[in-house]
Amino acid sequence: MRRLAALVTILVLAVSAAQGTAEAAPAREKWDTRVFSLVPSPGYPAYVLAHRNGRVYAGSYSNPQGDSQRSRVFEWSGSGALLRSWTVPGQDLTTERGVQVANQDARGRLVLLEKSRARVMTLDVRSGRFHTWATLPDLPTCTPGTTGPDCSPNAADLPAIPNYATWGPGGALYVTDYGQAVIWKIPRGTVEPRVWFASPQLDGSDFGTTGIVFRPGRRDFLISQQSTAVDASVPTDGKLYALPLLDSGRPGTLATLWTSSPGDLPDGFGIARSGHVYVANAGLSNQLVELGPDGTEIARFPDATANGSNGSSIPFDTPSSATFFGTRVLVANQSYFGDTSHHAILDVQVGERGRATYLPDNAFWS
């Protein structure tokens, strides 16, 4: 009995000590920002993926100053330790290049969007094997007043630029095109992208369509748009759109949930369980914006006078995505104008958890 009593006493003291330690550790306040990790050369991270394996991935995107380096995919532990990297094969080094780690498939492979050849690829992180799944076509521009089906409503004749991707019902992959004002659909089991939605409202001139996330409960897609060239009043306004997926599989009517301030250039975003949306503004404001489920603007961090200063050692400098990781969002700090010391993944406490990413069991290309 004495041994039992002593053991109980030890357990009680251990629990008390653990509770005391937990109480002693101050909770992070909302918007508290820390450096998750620096991003090595070639740098220029544009999106962060929180994988189901507990690790974090990002790719190196375009260097606007120009270089001859091939893009790389990086892997970090959940605590921010750099673990591995892979160099992307087959890129065209004579043109702009970059890679987005845009998603994962149901088998754990990374879904990559490669810019120089407009490729949709996979990377098996266990074997290190890359595979090209599909290539987005370079569309001709549409005749004025038309939108397709196989042409680009973008007024400027730009090549295909795959930017973000989300899975939809039936294992189809939907991909935004930053340069051609269309959303592509790649049905499961095929390698042929199809123009699923095309609209002048996705014409952003040189600043086009960015993030896309499917919401199964509402059966729609949220889509971010950096600028709207067709908006004659303020064409530098960005948008957050909602686009229904009809029972027929066709797109419904595009609706505007939120209009940004001029020059914000809204980029990638994350959705909380509450329905709140956290948008990274990659433009002049260098801010995160919190929106309500209906698109009502709730908060901006930091305020407009801070010039990106967020309390961490690295300010927001072209923040390009906001990916939920527990109660935080991981922000890819692209630093588009080239301060390589700002190429980093930043960790921002928002005090609520993210909605689970939609990943159906048949979301893979065999």
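1. Let me start with Pro302, which sits in the loop between strand S21 (297–301) and strand S22 (323–325). The peptide bond leading from Phe301 into Pro302 is cis, and its omega is near -10 degrees. Please keep in mind that this is a predicted model.

2. A cis bond also joins Ser41 to Pro42, here with omega near 10 degrees. Pro42 belongs to the loop between strand S1 (33–38) and S2. Tyr44 lies in the loop between S1 and S2 too, and its phi is near 55 degrees, a positive value in a residue other than glycine. Tyr44 has 3% relative accessibility, so it counts as buried, the cut-off being under 20%.

3. Ala181 is worth a look as well: its phi is positive, about 60 degrees, although the residue is not a glycine. You will find Ala181 in the loop between strand S11 (173–177) and strand S12 (182–186). With a relative accessibility of 0%, Ala181 is counted as buried.

4. The largest nonpolar core contains 30 residues, and Val73, Leu110, Leu112 and Ile183 have the most contacts inside it. Strands that give two or more residues to this core include S2 (45–50), S6 (99–104), S7 (110–114) and S16 (239–244). Another core, of 21 residues, lies apart from it; Ala102, Trp184, Ala198 and Ala363 are among its members. Nonpolar side chains tend to be buried together in soluble globular proteins.

5. What does Ile183 contact, leaving aside neighbours within four places in sequence? Its partners include Tyr174, Val175, Trp196, Phe197, Leu202, Ile212, Ile223 and Leu243, and also Arg194.

6. Setting aside residues up to four places away in sequence, Gln100 touches Ala46, Tyr47, Tyr61, Val111, Leu112, Leu113, Asn163 and Tyr164.

7. Finally, the chain as a whole. It has one helix and 24 strands. Its radius of gyration is 21 Å, which agrees with the value near 21 Å for a compact globule of 366 residues. Buried residues make up 54% of the chain. Of the contacts with a separation of 6 or more, 51% come from residues 24 or more positions apart. There are 31 positive and 32 negative side chains, and the centres of these two sets lie 12 Å apart.

How values were computed
Residues numbered from 1 in each chain as written. Predicted model: local features only at pLDDT ≥ 70, side-chain atom pairs only at ≥ 80, totals over all residues. Heavy atoms only, no water. Helix = DSSP H or I, 4+ residues; strand = E, 2+ residues; numbered from the N terminus. Rg over C-alpha atoms; globule rule 2.2 N^0.38 Å. Buried < 20%, exposed > 50% of the residue type's maximum accessible area, 1.4 Å probe, protein only. Contact = heavy atoms within 4.5 Å. Lys, Arg positive; Asp, Glu negative; His and termini not counted. Charge placed at Lys NZ, Arg CZ, Asp CG, Glu CD. Core = buried A, V, L, I, M, F, W, Y, C linked by side-chain atoms within 4.5 Å.
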